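Me: I'm new to reading protein structures. Can you walk me through a few features, starting with how helices are packed?

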Amino acid sequence: MAIFETTCQSSTGRERTGILTTAHGTVRTPVFMPVGTQATIKGLTPEQVREIGFEIILSNTYHLYLQPGDDVVHEAGGLHRFMHWDWSILTDSGGFQAMSLSRISKKSDEGIEFQSFIDGSRHMFTPERVIAIEKNLDSDVVMPLDICTQYPSERVTAEKDLARTVSWFGRAKKAMGESHQLLFGITQGGFYGDLREESTERIMELEPQGFAIGGLSVGEERQLTMDMLDHSLLHAPDDRPRYFMGLGDPIGILEIISRGVDMFDCVLPTRVARNQMVFTRDGVVKISKKIYERDFHPIDEDCSCYMCRNYTRAYLRHLFKANEMLAGTLATIHNLQFLQTMIGEIRDAIAAGTFAEYKRAFIERYTASSDRAW
């Protein structure tokens, strides 16, 4: 059975809609995956996440290995039962953490040795060990160990990281064997177009069940991101899902969907929500500003989320000013609903053949306001 089916391919561009099938159901694409690093979407219950409409979330192998331990999750019956989430879960491998925590990690052909940020203990992640951990977690979509090349980096570094990532995927695939879990391959190549193309070709020769683009959106300018994405997708097959790792702002989402990306995740929507910033059709606003003190309108007049149906900008501002826990919860609900609604509209626009017009109108309005947080 095919795990991915394209349901609508644009006749004028590369955008498409599809269905990803996992052991825990179907996922409509394009899809944004909220990040639940520690087996929780911060501030929300699983029921709240599901009510917004999400069919898949992301969690992190590295963090769950350190705390509470993949053996604990396995004993609990797997990650779905442990966190009370009955739908699809994708687990990242820890490659990005190895880059972001490079001062306490060491790479070799064997794997990545790192020091725990919790207690200072040292641990070795090999491709085989990561697969064993993810089998204990029993996620639906498994990301293998890779090396996320830092920006900027010399070509020789990007070449070495690419070679190790390809080698590690081969080892991971062997360790996975036959499984109900789906194993994606990850392309790297740094910020060199020819290396990006080479990485895609070499990973695809190993026949992954999905295709992930790693090592982008790590501090580089947005145009460079898109250029490298184009190179990464040049030789990507049409019959497998394409996953951009680590992007979640509305304009960026529109740009990568227009290039044929099906899946994406990011901590941005939930992180900025906890830092008093909320998405609106007119851009991102910082709700703690004085101008919202007596603003008794919803965050966004066009939004139907729980926050916007029941509360006002003035109330949310008050909660943040009073350091109330509810503030982050309500802002997170809104930001996630905003993206979920937007992506639903994008799917409809692709099906109707009007995506280009939708993208243009959305960006024009989103960037027009002078009262934007960024």
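This is a predicted model: local features need pLDDT of at least 70, side-chain atom pairs count only at pLDDT 80 or more; totals for chains, interfaces and linings use all residues.

Me: Which residues in α8 and α9 meet?

Reply: On the α8 side you'll find Gly193, Arg196, Glu197 and Thr200, and they meet Met228, His231 and Ser232 of α9. Sorted by class, this contact has 4 polar, 2 charged and 1 nonpolar residues.

Me: Now pockets. What volume does the largest pocket have?

Reply: A pocket is an open set of grid points with protein on both sides, and lining residues have an atom within 4 Å of a point. Here the largest pocket has a volume of about 910 Å³. It is lined by 41 residues, and Phe96, Gly246, Asp265, Cys266 and Val267 are the closest to its centre.

Me: Which elements supply at least two residues of that lining?

Reply: Helix α9 (222-233) turns up again, along with β5 (56-60), α5 (95-100), β14 (263-266) and α11 (268-274). By class, the lining has 18 polar, 14 nonpolar and 9 charged residues.

Me: And where does the largest share of the second largest pocket's lining come from?

Reply: From helix α7 (residues 155-176), with 3 residues. This pocket holds about 190 Å³ of space, and its lining includes Phe169, Lys173 and Met176.

Definitions and conventions: Residues are numbered from 1 along each chain as its sequence is written. Side-chain values use heavy atoms; hydrogens and water are left out. On a 1 Å grid over the protein atoms alone, a cavity is a set of points where a 1.4 Å probe fits but cannot get out, and a pocket is an open set with protein on both sides within 12 Å along at least five of seven lines; lining residues have an atom within 4 Å of a point. Grid points are joined across faces, edges and corners, and a volume is the space filled by probe spheres set on the points. Helices (H or I, at least four residues) and strands (E, at least two) are DSSP runs, numbered from the N terminus. Ala, Val, Leu, Ile, Met, Phe, Trp, Tyr, Cys and Pro count as nonpolar, Asp, Glu, Lys and Arg as charged, and the others, Gly among them, as polar. Contact means heavy atoms within 4.5 Å.
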